[in-house]
Amino acid sequence: GICHKSYSCLANIMMGSTAPSCDAYLFFHGETLLPNDVRAFLCTAALAYCFIGLSAITARFFKSMESITNHSREVVTVDPQTNTPIVKQEKVWNYTIADIALLAFGTSFPQISLATIDAIRNLGQLTAGGLGPGTLVGSAAFDLFPIHAVCVIMPRGGSMKKISDLGVWLVELFWSFWAYVWLYIILEVWTPNVITLWEALITVLQYGLLLVHAYAQDKRWPYVSIPLVRGERPEDWVPAEDASFDHDKNCDETNDILPSQNDDIADIFSIHSYNDAGYHHVPEKDIEESSKMELVAKNTHDDTYWLSIWRQQFFEAVMLESPEQRKIDSVCLRFIIICWNSIIVPWKILFAFVPPYQVAHGWIAFICSLIFISGIAYGVTKITDQISCVTGVNPYVIAFTALAAGTSWPDLVASKIAAERQVTADSAIANITCSNSVNIYVGIGFPWLINTLYNYFVYREPLYIDNAAGLSFSLLVFFATSFGCIVVLVMRRILIGAELGGPRLWAWVTSAYFMVLWVVFVVLSSLKVSGVI
């Protein structure tokens, strides 16, 4: 009876019964006979291979997300002056909501799925798992510092790219910082070292408030939006000449790693197109007839078109060289490409089972990609447990470093493409700030909600945070270093006129400064959770 009411006793019994054992093998039966150094090397190599797989599925994920956000509906209005019908193609998704609900959520899904799997594995324990929160806080630092460091040097030839809608960015920035302030409050102030059911629920619901507030700012709703005028944007969010240049460059750089569809890299930012070419006048009697003809043609075409594409995915998966790569003169470079493609063939074949993004506006491919990402995340958690066991390294340290960097690959890819291709810095920076918000409200809030619900109904107990002091210390370090990051971005806007690009020397100095901030965060956080400081 005494042990039943004692948190420490319950926690020790449960953790003792489920703690990972180094005597258990992960890859093959004879693994336990190997020295720990060899086992650590094998686990590290397997972890790296999982991250390669994550980068491979990211390509298909982005393509499906592009198809979803590009979905438009036909709207017919009447011109009040000429009384003639006007057909307008309107995109279903508002671009600000798409940034938060699809782009930021999608690029953060590896961290979210890893944290959720970690929470499910800890059901029945009174303490929260360490991998999820540690990875998400570490991912926030990786998003803010290294990804900003990459983006600031991406614009070509000293060109400058600035945020055109400061109002939306300020709203996103506010909710991003408030997420970590809120996390500190519930960990150290409100209910120290304990997460209650209501705290977890409020954390998740704040993601909805972020969506509403961002949409209100985008639409400039009175009383709830910042009265800032949106800057001018070109009709084409990605100018044709820049898009074609960067398209070729990106294909050369990434096609060897990411499985291709239609031999191009996903331009996930075409959701921001402001081209009004979709407006045209048509006779009223032709509207219904043309719509029927288009529907019949589309259904006939889709029956065979997507099947041929799906079959082509498997042919491309087993190809070690593309037709373009066979034209490369360098034998050494071609050999490297063949070796690399041979390594990733298993991933490419596996992901070829994802249906083409042309089906159902990309939703089926979107969901299947998330399922594969969740599977990889599960493998990552198992491998990380083994690495921590055979090396003795604190799981939080692994989460802050390797897991945070590896699972943040989609964030890096998304922001890098935006910084290269778009004429403004909105999506490149918005993806960073929104991803950080999603990491807390969904990535930490949802797993905690699962655990608190279980503990409340089974044990009538809250969720205890085993290393709340280390997590809170990391939040304080993150506050301090992120303030230094935002100040530099603001100073660049004032002095240079843009957040990204500009004189190459200052761009590289800024990039180096952001990397130093990340190193400071990682070192101090790792020393704290390891008990050194």
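**Close-up views of a predicted model**

**Figure 1. W175 is buried, with a relative accessible area of 9%.** Buried means under 20% relative accessible area, exposed means over 50%, and partly exposed lies in between (1.4 Å probe, protein chains only). F174 has a relative accessible area of 45%, so F174 is partly exposed. This is a predicted model, where local features need pLDDT of at least 70 and side-chain atom pairs count only at pLDDT 80 or more, while totals for chains, interfaces and linings use all residues. Residues are numbered from 1 along each chain as its sequence is written, and side-chain values use heavy atoms, leaving out hydrogens and water.

**Figure 2. The protein holds 18 aromatic pairs.** The rings of F142 and W518 have centres 5.8 Å apart and planes at 80°, so this pair is edge-to-face. F142 sits in helix 6 (residues 131-151) and W518 in helix 17, so the pair ties together parts that are 376 residues apart in sequence. F142 and W518 are both buried. F174 and W175 also pair: their ring centres are 5.5 Å apart and their planes stand at 75°, so they too are edge-to-face. To pair, rings of Phe, Tyr and Trp (its six-membered ring) need centres within 6.5 Å; planes under 30 degrees apart are stacked, over 60 edge-to-face, and the rest tilted. Which residues do ring pairs link into a cluster? They are Y49, W347, F351 and F372.

**Figure 3. Two charged residues lie over ring faces, R460 over Y456 and K528 over F473.** R460 is 4.8 Å from the ring centre of Y456. K528 is 5.6 Å from the ring centre of F473. The rule asks for NZ of Lys or CZ of Arg within 6 Å of the ring centre and within 35 degrees of the ring normal.

**Figure 4. N455 belongs to helix 15 (residues 426-458).** Helices (H or I, at least four residues) and strands (E, at least two) are DSSP runs, numbered from the N terminus. Is N455 buried or exposed? Its relative accessibility is 1%, so N455 counts as buried. Setting aside residues up to four places away in sequence, N455 touches Q125, L126, R460, E461, P462 and L463. Contact means heavy atoms within 4.5 Å.

**Figure 5. The largest nonpolar core has 73 residues.** L183, L187 and W448 have the most contacts inside this core. Helix 15 gives the largest share, 11 residues. A second, separate core has 38 residues, including F62, L114, F351 and V354. Such a core is a set of buried Ala, Val, Leu, Ile, Met, Phe, Trp, Tyr and Cys residues joined through side-chain atoms within 4.5 Å. Beyond neighbours within four places in sequence, the contacts of L187 include P192, I195, W448, I465 and L475.

**Figure 6. Helix 12 (residues 363-391) has 29 residues.** From its first C-alpha to its last, helix 12 reaches 42 Å, close to the 42 Å expected at 1.5 Å a residue. That expected span is 1.5 Å times one less than the number of residues. Just after helix 12, G392 takes a positive phi of about 80°.

**Figure 7. P503 sits in the loop between strand 7 (500-501) and helix 17 (504-529).** The relative accessible area of P503 is 42%, so P503 is partly exposed. How far apart in space are P503 and M160, C-alpha to C-alpha? They are 8.5 Å apart, yet 343 residues apart in sequence.
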